[in-house]
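Hi everyone, thanks for making time this morning. I'd like to walk you through one structure, and please have the sequence and the model in view as I talk.

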Amino acid sequence: MRYTGPKVRLSRRAGVPLTRKAVKYFEARPYPPGEHGRKTNRRTTGDYGMRLLEKQKLRWYYDVSERQLRRYWDLAARRPGRSGEELLVILETRLASLVLRAGLAPSIYAARQYVNHGHITVDGRKVDIPSYLVKPGQVVGVRARSRAMQPFVAAAEGVYADDRIAPYLSVDHGELRFTLVERPTREHIVVPVDEQLVVEHYSR
């Protein structure tokens with residue numbers, strides 16, 4: 001089941017800001033939410049707790065359910081290469097993740113909503129499945145009838161874009177379009193998670 005409550009609380013529970021919006025709130029209250037949040041010492045967390053928290057951070061960062069993440073883990077474990085890195089590549093190439101990374105949405109939650117509502121196309125065809133795995137060479141864009149909507153007008157002006165576009169993407173903000181030019185590599189995936197602890201969690 002996906003978390004649908006206040007997003008900033010997730011960042012405070014995780015110990016890192018998981019969204020742009022959470023940064024200023026996290027700086028003001030960099031401790032877990034709740035009555036005893038100030039007294040919580042994350043450094044005293046046991047090994048199991050640390051692995052569990054890293055797994056939860058990965059879930060929250062990409063806004064996926066436990067069932068989805070487990071399915072991605074099973075897929076990553078069958079691929080050649082390091083399972084942790086393969087898991088991140090799978091999560092990063094989800095359609096919703098790439099819509100966010102390309103600067104077409106302000107958050108992963110907005111990106112998911114844009115896809116669900118049918119505003120996004122892949123190779124010219126509408127795709128309304130956030131978990132759709134984009135392949136290198138595929139072109140993702142915004143449907144013509146959706147481009148006049150305020151969020152996409154802002155995206156065309158580069159409002160949501162990161163200072164540096166991910167090197168595995170070729171983005172044209174003015175045209176509200178991007179291409180996955182190559183498979184992401186671990187050094188290019190910027191996530192505040194130690195994937196080795198996630199591997200240890202699922203391998204226990």
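Among contacts in the chain between residues at least 6 apart in sequence, 57% join residues at least 24 apart. Please keep in mind that this is a predicted model. Of the chain's 204 residues, 46% count as buried. The accessible surface comes to about 11100 Å², and carbon and sulfur atoms account for 49% of that.

Let's go through the elements. The chain has nine helices and five strands. Reading from the N terminus, the order is α-α-α-α-α-α-α-β-β-β-α-β-β-α.

Now the sheet. In what order do its five strands sit? The sheet is open, and the order is β2-β1-β3-β5-β4, with antiparallel pairing. At the edges we find β2, residues 125–126, and β4, and each has a single partner strand, so one side of each is left without a neighbour in the sheet.

Let's look at β5 and its partners. β3 and β5 pair in the antiparallel sense through three bridges, and Val 140 has Phe 178 in β5 as its bridge partner. Strand β4, residues 169–172, is joined to β5 by four bridges, and these two also run antiparallel. Here Ser 170 stands opposite Thr 179 of β5. β4 and β5 form a hairpin with four residues between them, and in the turn Leu 176 has a positive phi of about 55°.

In β5, Phe 178 and Leu 180 make up the covered face, while Arg 177 and Thr 179 make up the uncovered one.

Which residues of the largest nonpolar core touch the most other members? They are Leu 95, Val 99, Leu 104, Ile 120, Val 140, Leu 169 and Phe 178, out of 30 residues in that core. At least two core residues come from each of α6 (95–101), α7 (108–116), β1 (120–122), β3 (139–142), α8 (150–156) and β5 (177–180). The element that gives the most is α7, with six residues.

Take Val 99 as one way in. Leaving out residues up to four places away in sequence, Val 99 touches Leu 104, Ala 105, Ala 111, Val 115, Ile 120, Val 140 and Phe 178.

Let me stay with α7 for a moment. Seven of the nine residues of α7 are buried, so this helix is largely enclosed by the rest of the structure. Those buried residues are Ile 108, Tyr 109, Ala 110, Ala 111, Arg 112, Tyr 114 and Val 115. Just after α7 comes Gly 118, with a positive phi of about 80°.

Next, a residue in strand β1, namely Thr 121. Is Thr 121 buried or exposed? Thr 121 has a relative accessible area of 12%, and the cut-off for buried is under 20%, so Thr 121 counts as buried. Again not counting residues up to four places away in sequence, Thr 121 touches Lys 126, Val 127, Val 139, Val 140, Gly 141, Val 142 and Arg 143.

Three aromatic pairs turn up in a search of the whole structure. The rings of Tyr 61 and Tyr 62 have centres 5.1 Å apart and planes at 75°, so this pair is edge-to-face.

Those two tyrosines are in helix α3, which covers residues 47–62. With 16 residues, α3 reaches 23 Å from its first C-alpha to its last, close to the 22 Å expected at 1.5 Å a residue. The buried residues in α3 include Glu 54, Lys 55, Gln 56, Lys 57, Leu 58, Arg 59 and Trp 60, along with Tyr 61 and Tyr 62. After α3 comes Asp 63, whose phi is positive, near 55°.

That's my tour, and I'm happy to go back to any part of it.

Definitions and conventions
Residues are numbered from 1 along each chain as its sequence is written. This is a predicted model: local features need pLDDT of at least 70, side-chain atom pairs count only at pLDDT 80 or more; totals for chains, interfaces and linings use all residues. Side-chain values use heavy atoms; hydrogens and water are left out. A nonpolar core is a set of buried Ala, Val, Leu, Ile, Met, Phe, Trp, Tyr and Cys residues joined through side-chain atoms within 4.5 Å. Buried means under 20% relative accessible area, exposed over 50%, partly exposed in between (1.4 Å probe, protein chains only). Contact means heavy atoms within 4.5 Å. Two strands pair if DSSP finds at least two bridges between them. The expected span of a helix is 1.5 Å times one less than its number of residues. Accessible areas come from the Shrake-Rupley method with a 1.4 Å probe; for residues, only the protein chains shown count as cover. Rings of Phe, Tyr and Trp (its six-membered ring) pair if their centres lie within 6.5 Å; planes under 30 degrees apart count as stacked, over 60 as edge-to-face and the rest as tilted.
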